[in-house]
Amino acid sequence: MSSARLDVAVPEQAELGEGPTWDPTVGRLIWVDILSARVHTYDPASGRRTVLATEQHVGAAKPRAAGGLVVNLRDGIGLYDPDGAFRWLVHDPVPGRRGNDAGVAPDGALWAGTMGYDGSPTGGSLFRVAPDGTVAPLLPVVACSNGIGWSPDRRLMYYIDTPTRRIDVFDFDGEHAVDRRPFATVEEGAGFPDGLTVDADGAVWVALWDGSAVRRYTPDGSLDRIVELPVRRPTACAFGGTDLRDLYVTSARSGLAAPHPLSGSLLVLPGVGHGMPGTPFAG
């Protein structure tokens, strides 16, 4: 176990807070409340917050190189322009399925996951969306597609299908991910791996759903650090702030009979590590 200072960045009662992402162009954190169909932003320098209501459940929102957002929605991948105008990039509705976590690769492509509303072990998938909207499936059948990230040298891609309890790793050539293999496994009783981020040392930080903690694994897969949290369901984590040293953690209240008062809030562990600059979606 490791102690760390914990602050509340945004007190909120999000049903399913997810997907924190730092946008360096404007110095703000983007995160979503999936089940409330909301995209939140938070500027730690000014304290300013915004909330964008989406028409569908929103699994992830990432900044675009041209401004605005790319969003992983129930029925596909959508684009918000800087003026707020919306259009579909990929419209592919499947009954009983919604978008979940997503990540932007170093080449500017979006890797987006889905899952079934019923939690079916075959209800989800993982696919790559090029800036022009071309879709290439990587994993046609998964249960709950979640955390995704890349190593500092861009040669590895990390991925989580939550019910497996594993963080997996692929070889990555800039566009394709191959040779999936286990990187680390979360033992039974410690929660389930959810969202992840990779730091500047190549270590993988992962939020543990039902585990009340975030963990850090070194590049060889060894468990290096556990930071306990007051909330039972942390969902994802990302480094932010001007020097990328603050770890922001989203959390959920969904499914809890007696959630902690901070459940659903955006939490932050100041100065706990050192993140890597992200890449905006090129579309």
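I counted the aromatic pairs and found seven in the structure. Rings of Phe, Tyr and Trp (its six-membered ring) pair if their centres lie within 6.5 Å; planes under 30 degrees apart are stacked, over 60 edge-to-face, the rest tilted. I am working on a predicted model, where local features need pLDDT of at least 70, side-chain atom pairs count only at pLDDT 80 or more, and totals for chains, interfaces and linings use all residues. Residues are numbered from 1 along each chain as its sequence is written, and side-chain values use heavy atoms, with hydrogens and water left out.

I looked up Tyr 80 and Phe 86: a tilted pair, 5.1 Å centre to centre, with 55° between the planes. Tyr 80 counts as buried at 9% relative accessibility. Phe 86 counts as partly exposed at 35%. Buried means under 20% relative accessible area, exposed over 50%, partly exposed in between (1.4 Å probe, protein chains only). With Trp 88, Tyr 80 and Phe 86 form one aromatic cluster.

Next I took Tyr 158 and Phe 183, which pair edge-to-face at 5.0 Å centre to centre and 65° between the planes. Tyr 158 sits in strand β15 (residues 156-161) and Phe 183 in strand β17, 25 residues apart. Both Tyr 158 and Phe 183 are buried. Strands (E, at least two residues) are DSSP runs, numbered from the N terminus.

I then traced the sheet. Four strands run in the order β14-β15-β16-β17, open and antiparallel. β14 (145-150) and β17 (177-185) are at the edges with a single partner strand each, so one side of each has no neighbour in the sheet. Two strands pair if DSSP finds at least two bridges between them. β16 (residues 166-172) and β17 pair over six bridges. Val 169 stands opposite Arg 181 in β17.
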